[in-house]
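Trainee: I have a structure open and would like to learn how to read it. Could we start with a helix and go on from there?

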Amino acid sequence: MPDHAEPPRTPSGADDAVRPGPPRRPVEAVLFDFHGTLAQVEEPHEWVRHAAAACGVSLERMRATALADRLVTAGRAGGPLPARVPPRLAELWADRDLYEHAHRGAYTGLAETVDAGIEGLADALYDRLLVPDGWVVYPGVAATLRALRTGGVKVAVVSNIGFDIRPLLAAWGLDDLVDAYALSYEVGRCKPDPGIFLRACGMLGVDPERALMVGDTPADAGAVNAGCAVLVLPCAEPGRDNGLGAVLDLALPR
């Protein structure tokens with residue numbers, strides 16, 4: 001029997017389990033997606049009901065819901081991709097996030113494929129996108145942006161979109177909490193192209209390796225190819241918590 005017992009052996013892999021990883025890079029800027037991250041379009045039946053009212057037509061909820069189902073299937077901005085894009089709209093659809101006229105033309109064109117029997121409805125449906133009441137801001141957005149501002153972290157909104165969202169954020173009292181906007185139709189690049197994320201970082205004067213991109217789609221995750229860290233949030237219905245508060249755990253030191 002040996003005079004001295006051997007020290008206990010560490011199980012294979014245990015050293016790796018307890019060894020600390022590389023230090024986390026300090027976050028100097030957070031890049032936010034817009035639709036699905038900061039705000040969501042209103043419920044489909046409300047969308048249709050308000051648009052019809054703008055055309056002088058009052059719809060009962062049942063009819064509005066049935067019509068909304070058809071319009072969402074045809075293709076709604078902020079909704080699922082259309083089941084089919086008519087050939088005559090193919091070029092507008094391809095360019096929808098690069099030019100204002102293409103964005104409007106694509107979505108009004110898709111709405112016009114549904115025979116709603118309401119004159120001017122397609123344009124009224126699109127116009128709901130352009131007003132603050134056509135959207136629902138996710139809970140915690142204002143508190144998160146204010147906390148980042150207080151913590152000295154810069155903020156940009158990076159969005160694939162064909163119209164100016166600045167008036168929306170101004171109406172919601174959030175514009176003073178955003179330092180820059182990289183909008184695809186202004187930048188000429190669409191996510192997941194690294195160029196749009198690099199442009200946002202350039203606007204903020206921040207190295208991409210010090211930026212965190214927050215979104216809800218694989219296109220947002222394309223920011224990793226620009227050198228940014230990425231947080232992908234779960235999809236959430238309008239008005240429901242989408243976990244945005246997790247941004248503060250990553251961006252602000254404890």
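Mentor: Keep in mind that this is a predicted model. Begin with helix α2, residues 44-54, where the buried residues are His45, Trp47, Val48, Ala51 and Ala52.

Trainee: What do the buried residues of α2 pack against?

Mentor: Their partners are α3 (61-75) and α6 (121-127). Look also at what comes after the helix: Gly56 follows α2 and has a positive phi, near 85°.

Trainee: Trp47 was on your list. Which residue lies over the face of Trp47?

Mentor: Arg76 does, at 4.3 Å from the ring centre. There is another such case, with Arg96 over the face of Trp93 at 3.7 Å from the ring centre.

Trainee: How is a pair of two aromatic rings described?

Mentor: Two values are used, the distance between the ring centres and the angle between the ring planes. In this model, a search of the whole structure gives three aromatic pairs. Take Phe34 and Trp135: the ring centres are 5.0 Å apart and the planes stand at 55°, so this pair is tilted.

Trainee: Where in the chain do Phe34 and Trp135 lie?

Mentor: Phe34 is in the loop between β1 (29-32) and β2 (39-41), while Trp135 is in strand β3 (residues 135-137), so the pair ties together parts that are 101 residues apart in sequence.

Trainee: Is Phe34 buried or exposed?

Mentor: The term rests on relative accessible area, and buried means under 20%. Phe34 has 0% relative accessibility and therefore counts as buried. Trp135, with a relative accessible area of 7%, is buried as well.

Trainee: How are the rings of Phe34 and Trp172 arranged?

Mentor: Their centres are 6.2 Å apart and their planes are at 15°, so this pair is stacked. It also links distant parts of the chain, since Trp172 is in the loop between α8 (166-171) and β5 (180-183), 138 residues from Phe34. Trp172 has a relative accessible area of 22%, so it is partly exposed. Through ring pairs, Phe34, Trp135 and Trp172 form a cluster.

Trainee: Which side chain does the side chain of Gln40 make a polar contact with?

Mentor: That of His35, at 2.6 Å. A list of touching residues gives a wider view of the surroundings. Leaving out residues up to four places away in sequence, Gln40 touches His35, Gly78, Trp135, Val136, Tyr138, Ala236 and Pro238.

Trainee: Let us finish with the whole chain. How many helices and strands are there?

Mentor: The chain has 12 helices and seven strands. Its radius of gyration is 23 Å, well over the 18 Å that the globule rule gives for 254 residues, so the chain is more spread out than a compact globule. Along the principal axes, the C-alpha atoms fill a box of roughly 95 × 45 × 35 Å.

Trainee: What share of the residues counts as buried?

Mentor: Of the 254 residues, 44% do. As for contacts with a separation of 6 or more, 67% of them are between residues 24 or more positions apart.

Methods. Residues numbered from 1 in each chain as written. Predicted model: local features only at pLDDT ≥ 70, side-chain atom pairs only at ≥ 80, totals over all residues. Heavy atoms only, no water. Phe/Tyr/Trp six-rings, centres within 6.5 Å; stacked < 30°, edge-to-face > 60°. Helix = DSSP H or I, 4+ residues; strand = E, 2+ residues; numbered from the N terminus. Buried < 20%, exposed > 50% of the residue type's maximum accessible area, 1.4 Å probe, protein only. Lys NZ or Arg CZ within 6 Å of the ring centre and 35° of its normal. Polar contact = N/O pair within 3.5 Å; in protein donor to acceptor, adjacent residues only side chain to side chain. Contact = heavy atoms within 4.5 Å. Rg over C-alpha atoms; globule rule 2.2 N^0.38 Å.
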